Amino acid sequence: MADNAEVVLCRTDGRVRVIILNRPQVRNALNSEMMRRFHQAVDDAVADPDVGAIVVTGNGPAFSSGADLKEAGTGPRPDELWDRYAQAIDNDRIYERLSRVPKPVIAAVNGFAVGGGCALAVSCDVVIAADTARFGYPETNHGIAPVTVAVGLSRVVGRLQALDLLLSGRFVDAAEAHAMGMVTRIVPAADLMTEAVGYAQALAEKSPTAIRLTKRVFRAVQELDYDHAFEYARDVSLMTREAMSGGRGATGSPAGPGSRAAVVHTTE
């Protein structure tokens, strides 16, 4: 069994940081220690100027089997309840955070992605799956309501497809997950890491500013109606053009602090 220092492994391949979930003896179940170290690994990758993209994968036969039910099932004492609640908030934060990471994050799904492990995969910007991968949210089979994982899934697939997976607890193979929109690309299992790292390398060579703004705007416009989304995107585009021209627009005049472009910049 890997000790705590090894529950998350990292390596760098060119400009790509590969983060590996490393509890293969329990199919990379997500316990508190693994989540803490995963957060730190993401922080380190974001802070490293030589890293342009991140790949997340699992060691062994699974990407991740989701929450460590053994840890969760111990049951907190009354005096531990709020500590456990705070820990749950910190653990769940990773699903939301990956979309905010300024660098592209690619999930390389090597096997089963279950419950919280599936949520982790679909929280990434791109999901490259081995043809042997399987996806599912089996919480209802164990008397658990899959409420937190439902948030991310509902933003990736349609309502009926999401409810089918969440209520039935059934598993889908890579082909069905791809048809639903949970998977970007399917590759032979033997080629998974080569394909995922190669894809990440290509993204890492692009403009970091363009990548960061694309992720930021894409996330923001999902929460807006069409007219406001288009206006927001247009304003960000104007802001970036002003910045590239040294703060001078088509007229050659600097954009003032009250300009729409300046407002967008300061609120983002």
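D43 is partly exposed, at 34% relative accessibility. The class runs between two limits: buried means under 20% relative accessible area and exposed over 50%, with a 1.4 Å probe and protein chains only. This is a predicted model, in which local features need pLDDT of at least 70, side-chain atom pairs count only at pLDDT 80 or more, and totals for chains, interfaces and linings use all residues. Residues are numbered from 1 along each chain as its sequence is written, and side-chain values use heavy atoms, without hydrogens and water.

Which residue forms a salt bridge with D43? The partner is R97, and the closest N and O atoms are 2.4 Å apart. A salt bridge here is a side-chain nitrogen of Lys or Arg within 4 Å of a carboxyl oxygen of Asp or Glu. By this rule there are 11 salt bridges. R97 lies in helix α3 (residues 81–100) and D43 in helix α1, so the pair ties together parts that are 54 residues apart in sequence. Helices (H or I, at least four residues) and strands (E, at least two) are DSSP runs, numbered from the N terminus. R97 itself is buried, with a relative accessible area of 17%.

Now stay in helix α1, residues 32–47. Here R37 forms a salt bridge with E33, with 2.5 Å between the closest N and O atoms. The two residues are four apart, about one turn of the helix. R37 is partly exposed at 28%, whereas E33 is buried at 18%.

Next comes D125 with K215. Their side chains meet in a salt bridge of 2.8 Å, N to O. D125 sits in the loop between α4 (116–122) and β7 (126–130), and K215 in helix α9 (residues 208–221), 90 residues apart. D125 is partly exposed at 35%. K215 is buried at 12%. Shared partners also join E33, R36 and R37 into one network of salt bridges.

Turn to the rings. How many aromatic pairs does the whole structure hold? There are two. Rings of Phe, Tyr and Trp (its six-membered ring) pair if their centres lie within 6.5 Å; planes under 30 degrees apart count as stacked, over 60 as edge-to-face and the rest as tilted. F112 and F171 are edge-to-face, 5.8 Å centre to centre with 85° between the planes. F112 lies in strand β6 and F171 in strand β9, so this pair ties together parts 59 residues apart in sequence. Y226 and F230 are stacked, at 6.2 Å and 25°. They are four residues apart in helix α10 (residues 226–244), about one helical turn. Y226 is exposed at 65%, while F230 is partly exposed at 49%.
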